[in-house]
Amino acid sequence: MKPTSILCLFLLLFISHTNYAQTTVDDPEIKKMVAEVKSENMEATVRKLVSFGTRHTLSDTKSNTRGIGAAQRWVKSEFDKYALASSGRLTSVIDFFTIKADGRRITTDSQLGNVMATLKGTDPTDDRVLIISGHLDSRASDVMDAKSDAPGANDDASGVAAMMELARIMSQREFPFTLIFVAVVGEEQGLYGAKHLADVAKDGKWNVIAMINNDMIGNSLSSGTLLRDNTKVRVFSETIPFLETEAESKMRKSTNRDNDSPSRQLARYIKTVTNQYVEQLDINLVYRNDRFLRGGDHTPFSQNGFTAIRFCEMNENYDHQHQNVRKENNIQYGDLAEFMDFEYMKKVTCSNLATFSNLAWSPKAPTNVGIEVKDLTNFSTLAWTAPEGKSVYGYNILIRETSSQHWEKAIFVKDTKAEIPYSKDNFFFAVQTVDALGHSSLPVFPVPIR
């Protein structure tokens with residue numbers, strides 16, 4: 001027998017002996033929820049938000065038909081409708097706060113307000129929190145123009161509509177811990193609404209395991225190149241955590257985990273779950289916090305040490321972004337609903353829903369995840385501690401080559417220690433918990449065990 005055949009036989013016997021298996025379980029309830037996402041619902045929401053004329057952060061707050069105040073009250077009224085099907089678990093509020101004049105985009109001291117719906121969990125011992133957002137405010141060409149029409153259909157009524165569709169669907173189900181759906185304000189003026197909520201979460205010591213920001217997810221046609229693609233969406237995630245400590249920096253450098261920040265693990269998680277539940281949508285993992293020299297509402301959460309990412313369409317159309325509504329040289333400018341692709345937006349929303357619900361039903365992540373380094377060997381031994389709370393069915397050991405963007409293989413195990421025939425010199429690993437319905441926690445990158 002050839003040496004290569006002997007090696008292959010050995011590996012097969014090894015895997016069989018240790019009872020490893022790679023399995024994927026589809027939760028029928030998640031598939032049902034994904035099927036409940038309706039493009040016509042979100043188009044109606046977008047067009048309603050556009051009807052307020054402008055939603056500039058500093059626009060009218062008193063009118064019932066125009067300005068940011070009318071838009072806030074309407075979003076809250078929709079949340080209150082969803083609450084009727086939640087058995088009292090969904091509550092909503094406009095969280096008002098005051099911003100001092102900053103000499104840039106806030107000219108006078110101003111009262112702003114995030115519209116927030118909270119879906120209370122059923123397990124009082126589970127303090128985890130998930131947050132999903134879109135920004136309610138809009139802008140014209142001049143970011144300080146609070147009077148002109150600024151429809152903000154794609155930027156970012158699309159993100160608000162997706163968030164609201166999740167709130168509508170998920171409020172009819174029960175989840176063990178708290179889910180927060182929020183339409184933040186002040187994004188165009190300096191991420192003020194998101195910063196307020198991120199600071200509240202940090203000061204309150206909320207256990208936010210993930211924050212998902214949807215900002216411009218409804219356009220599939222790029223300006224200039226006229227490239228149309230409704231099969232890809234970008235997910236942005238930070239490389240090095242903003243609040244990385246000196247000890248964490250040392251560990252990152254020694255283990256070469258530059259592409260394995262918690263936010264990057266969330267991005268890969270989104271890719272895996274989307275491949276499982278959403279047809280004809282590919283997650284394009286972009287290895288930066290946001291677009292070049294730009295930012296979004298996930299940024300204040302990252303800066304406060306939380307795991308946060310941004311969904312954004314693959315191709316931006318600058319004719320319909322940050323533009324006064326007008327027609328020049330037979331080109332229509334302005335962020336209008338007629339330039340959106342609502343079927344594309346539906347797929348992106350389904351990705352959000354599959355991810356959010358999978359996390360919301362997941363067991364807690366394993367703790368003390370480590371990899372043994374005391375011996376030189378071409379095998380790798382990983383060990384971890386089972387989490388408290390919801391019972392765990394087993395664990396996935398995730399594997400990828402060092403050059404790969406995403407996880408390429410999963411080995412399922414029942415114990416909290418496993419030796420696998422993959423060298424730690426050639427592969428990266430992570431461990432996640434899994435329940436009997438396939439809901440999995442965020443992956444945890446191992447640290448050396450000496």
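**Cavities**

I began with the second largest cavity, and its lining is Ser138, Arg139, Ala150, Pro151, Gly152, Asp155, Gln321, His322, Gln323 and Asp335. My rule was a 1 Å grid over the protein atoms alone: a cavity is a set of points where a 1.4 Å probe fits but cannot get out, a pocket is an open set with protein on both sides within 12 Å along at least five of seven lines, and lining residues have an atom within 4 Å of a point.

Before going on, I noted that this is a predicted model, where local features need pLDDT of at least 70 and side-chain atom pairs pLDDT 80 or more, while totals for chains, interfaces and linings use all residues. Numbering starts from 1 along each chain as its sequence is written, and side-chain values use heavy atoms, with hydrogens and water left out.

I got about 60 Å³ for the volume of the second largest cavity; a volume here is the space filled by probe spheres set on the points, with grid points joined across faces, edges and corners. By class I have two nonpolar, five polar and three charged residues in that lining (Ala, Val, Leu, Ile, Met, Phe, Trp, Tyr, Cys and Pro are nonpolar, Asp, Glu, Lys and Arg charged, and the others, Gly among them, polar).

How many cavities of 30 Å³ or more are there? I count two.

The largest cavity comes to about 80 Å³. I found Asn154, Asp155, Met216, Asn219, Glu313, Asn317, His320, Gln321, Asp335, Leu336, Phe339 and Met340 around the largest cavity. Its lining splits into four nonpolar, five polar and three charged residues.

**Largest pocket**

I looked up the open space next. The largest pocket holds about 1000 Å³. Its lining runs to 42 residues, with Arg257, Pro262, Thr307, Pro443 and Val444 nearest the centre. I sorted the lining into 21 nonpolar, eleven polar and ten charged residues. Strand S5 (207-214), helix H8 (246-255), helix H9 (262-277) and strand S11 (367-372) each give at least two residues to this lining (helices, H or I of at least four residues, and strands, E of at least two, are DSSP runs numbered from the N terminus).

**Helix pairs**

I checked helix H3 (residues 39-50) against helix H5 (residues 153-170): they pack at about 130°, axes 9 Å apart. Axes are lines fitted to C-alpha atoms, for helices over the stretch in contact, and angles run from 0 to 180 degrees between N-to-C directions. H3 and H5 are therefore oblique to each other (under 35 degrees is roughly parallel, over 145 roughly antiparallel, 65 to 115 roughly perpendicular, the rest oblique). On the H3 side, the residues meeting H5 include Met42, Val46 and Leu49, and those they meet in H5 include Ala157, Val160 and Met164 (contact means heavy atoms within 4.5 Å). That contact has ten nonpolar, three polar and two charged residues.

Helix H2 (residues 28-36) and helix H11 (residues 342-360) pack at about 150°, again with axes 9 Å apart. That makes H2 roughly antiparallel to H11. I see Ile30, Met33 and Val34 of H2 touching Cys350, Leu353, Ala354, Ser357 and Asn358 of H11. I sorted the contact of H2 with H11 into six nonpolar, two polar and no charged residues.

Which peptide bond is cis? I noted the one from Asp155 to Asp156, with omega near 5°. Asp156 sits in helix H5. I also flagged Ser87, a residue other than glycine with a positive phi, near 55°. Ser87 is in the loop between helix H4 (68-83) and strand S1 (90-99).
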